[in-house]
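Here is a friendly tutorial on reading a protein model, one feature at a time. Keep the structure open beside you while you follow the conversation.

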Amino acid sequence: MGRYGHHAFAKTALLIIAATCLVSAGYSSTTGMPPDEARIAEPLEGTAWELTQFRADNGSVIAPLPGTAPLIAFGEDGTLSGSAGWDLYSASYRISGSTITVESGAVTLPRPAVTQDLARQESRYRELLVAAASYRVEDDRLILSGPSGRDLLTFSRAESPETGPLLSAE
């Protein structure tokens, strides 16, 4: 496989796992909440997202490098996992209302990044993920904001692949 072959396989496997979680979990709606609060507090368990933009070190909002958009999948056990663009990672998270706390996670398959730009992007992505204090879902977008309310990371809902192999032990 080429240098991007493993990356594509990891993304596909992650999306398959997320799709399986969605199918097995189903959707349970909240009751007794006004429509605006229900939208803000949409459950993230069993969902998968792909990064579309993030806040750079200089404060500007930029898109990820082409072909390296980080992925995130929220498990029902309080663990999230994904691809930071090249390396895979996992971390614990907690949600209360629209507040989110992400613990510093582990890089599960650390490999030297292809470029310095990709290494900087991955580092910044993980830094912003841990800095997130709240979230909101607007249509098919997940937005994580910092303590000041400033948007840090914006994701689009990831499409679930229809077929493909599950993770293998190889």
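The dialogue below goes through strands, contacts, aromatic pairs, salt bridges and a backbone angle.

Q: What should I know about the model before I start?
A: This is a predicted model, in which local features need pLDDT of at least 70, side-chain atom pairs count only at pLDDT 80 or more, and totals for chains, interfaces and linings use all residues. Residues are numbered from 1 along each chain as its sequence is written, and side-chain values use heavy atoms, with hydrogens and water left out.

Q: Which strands does β1 pair with, and how do they run?
A: First the terms: helices (H or I, at least four residues) and strands (E, at least two) are DSSP runs, numbered from the N terminus. Two strands pair if DSSP finds at least two bridges between them. Here strand β1 (residues 48-55) is joined to β3 by three bridges, and the two run antiparallel. Five bridges connect β1 with β10, again antiparallel, and two bridges connect β1 with strand β2 (residues 61-62), also antiparallel.

Q: Which residues stand opposite each other in these pairings?
A: Tryptophan 49 is opposite isoleucine 72 in β3. Phenylalanine 54 is opposite leucine 153 in β10, and in β2 the bridge partner of phenylalanine 54 is isoleucine 62.

Q: What do β1 and β2 form together?
A: They form a hairpin with five residues between them, and glycine 59 in the turn has a positive phi of about 95°.

Q: Is glutamine 53 buried, exposed or partly exposed, and what does glutamine 53 touch?
A: Buried means under 20% relative accessible area, exposed means over 50%, and partly exposed lies in between (1.4 Å probe, protein chains only). Glutamine 53, in strand β1, is partly exposed at 32% relative accessibility. Contact means heavy atoms within 4.5 Å. Leaving aside residues up to four places away in sequence, glutamine 53 touches Val61, Ile62, Ala63, Pro64, Leu152, Leu153 and Thr154.

Q: How are the rings of tyrosine 125 and phenylalanine 155 arranged?
A: Their centres are 6.3 Å apart and their planes at 75°, so the pair is edge-to-face. The pair links distant parts of the chain, with tyrosine 125 in helix α3 (residues 116-131) and phenylalanine 155 in strand β10 (residues 151-157), 30 residues apart. Both tyrosine 125 and phenylalanine 155 are buried. Tyr89, Tyr125 and Phe155 form one aromatic cluster.

Q: How many salt bridges does the structure hold, and which residues form them?
A: A salt bridge is a side-chain nitrogen of Lys or Arg within 4 Å of a carboxyl oxygen of Asp or Glu. The structure holds ten salt bridges. One of them is between arginine 120 and aspartate 117, whose closest N and O atoms are 2.3 Å apart. Being three residues apart in helix α3, these two are separated by about one helical turn. Another links arginine 124 with glutamate 127 at 2.4 Å between the closest N and O atoms; arginine 124 is buried at 14%, whereas glutamate 127 is partly exposed at 43%.

Q: Which residues are linked in a network of salt bridges?
A: The network links Arg136, Glu138, Arg141 and Asp151.

Q: Where is aspartate 139, and what is its phi?
A: Most residues other than glycine have a negative phi. Aspartate 139 has a positive phi, near 55°. Aspartate 139 sits in the loop between β8 (134-138) and β9 (141-145), and is exposed at 71% relative accessible area.

Key: Phe/Tyr/Trp six-rings, centres within 6.5 Å; stacked < 30°, edge-to-face > 60°.
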